[in-house]
There are 2 protein chains.
Amino acid sequence: MKCKSNTYHIFFRNLANPIKTKIISALKEKEMSVSEISKKIKVEQSKLSHALASLRFCSIVQSKQRGKQRIYYLNKQTIIPILKIIDKHKCKFCKYK
Amino acid sequence: MKCKSNTYHIFFRNLANPIKTKIISALKEKEMSVSEISKKIKVEQSKLSHALASLRFCSIVQSKQRGKQRIYYLNKQTIIPILKIIDKHKCKFCKYK
DNA sequence: AACTCATATGAATTATTTTTCATATGAAAT
DNA sequence: ATTTCATATGAAAAATAATTCATATGAGTT
């Protein structure tokens, strides 16, 4: 399955959204259920579910069922190298404070 | 100058936009004036100037004057490592075709 | 099978980004 | 100093994305 160049902006929409980046940061520490994430980053459930759907869609997170809860975890293989680079460069990136 | 975590989404807004990623791709080959970019990626001048302002703002591109023309070039130090990772992973990223 | 708890989904609203278009600026040439 | 060519800017309109809220689904419990 080959992909067109110039489609990666769809992936980066996820990193361009503060709630989604907060989810990613939270999941860097450990896998969590939706309600745990919600409590941790103080985002309401439905909003979170929409954000998670988008992250899932681009394979940034994956999930598994545990009882009634759905556990989300980072798909580290794809996202961690990018996060490393961000950590390294983010202070130079932008003139925003 | 220290920067807050969770602000890097502002940087990634640039990569989340197809015109901006096209500009980046074009400038990977060589530096170009606005009108050259415009011709190359078939984007109208004013739209391009707005996009370039945003890229400039986040230090993704820089520019210099050459006669009447303004030459844009990639700030490779910050963007190239990210592009490398994108090239490596982009086929896995997303379920879009 | 009815109930509860956890999460997902859809549609309408709201907010944010992009696009467009008219105009301003700025460098070089006359 | 006026004109021309190249680019930038601002504001309104259009497009797109995020939020909200009501409701659906689905796993486990009774």
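1. The surface near DNA strand D divides into three nonpolar, twelve polar and seven charged residues. Here Ala, Val, Leu, Ile, Met, Phe, Trp, Tyr, Cys and Pro count as nonpolar, Asp, Glu, Lys and Arg as charged, and the others, Gly among them, as polar. "Near" means that a heavy atom of the residue lies within 4 Å.

2. This is a predicted model, in which local features need pLDDT of at least 70 and side-chain atom pairs pLDDT 80 or more, while totals for chains, interfaces and linings use all residues. Residues are numbered from 1 along each chain, chains are lettered from A, and side-chain values use heavy atoms, without hydrogens and water.

3. Around DNA strand D there are 22 residues; A:Ser46, B:Ser35, B:Ser49, B:His50 and B:Tyr72 come nearest. Helices are DSSP runs (H or I, at least four residues), numbered from the N terminus.

4. The side chain of B:His50 has an N or O atom 2.5 Å from a base oxygen. B:Ser49 places a polar side-chain atom 2.7 Å from a phosphate oxygen. For A:Asn17 the distance to a phosphate oxygen is 2.9 Å.

5. DNA strand C is surrounded by 22 residues. H4(A) contributes the most to its nearby surface, with five residues. A side-chain N or O atom of A:Tyr72 is 2.5 Å from a phosphate oxygen of DNA strand C.

Methods. Polar contact = N/O pair within 3.5 Å; in protein donor to acceptor, adjacent residues only side chain to side chain. Helix = DSSP H or I, 4+ residues; strand = E, 2+ residues; numbered from the N terminus.
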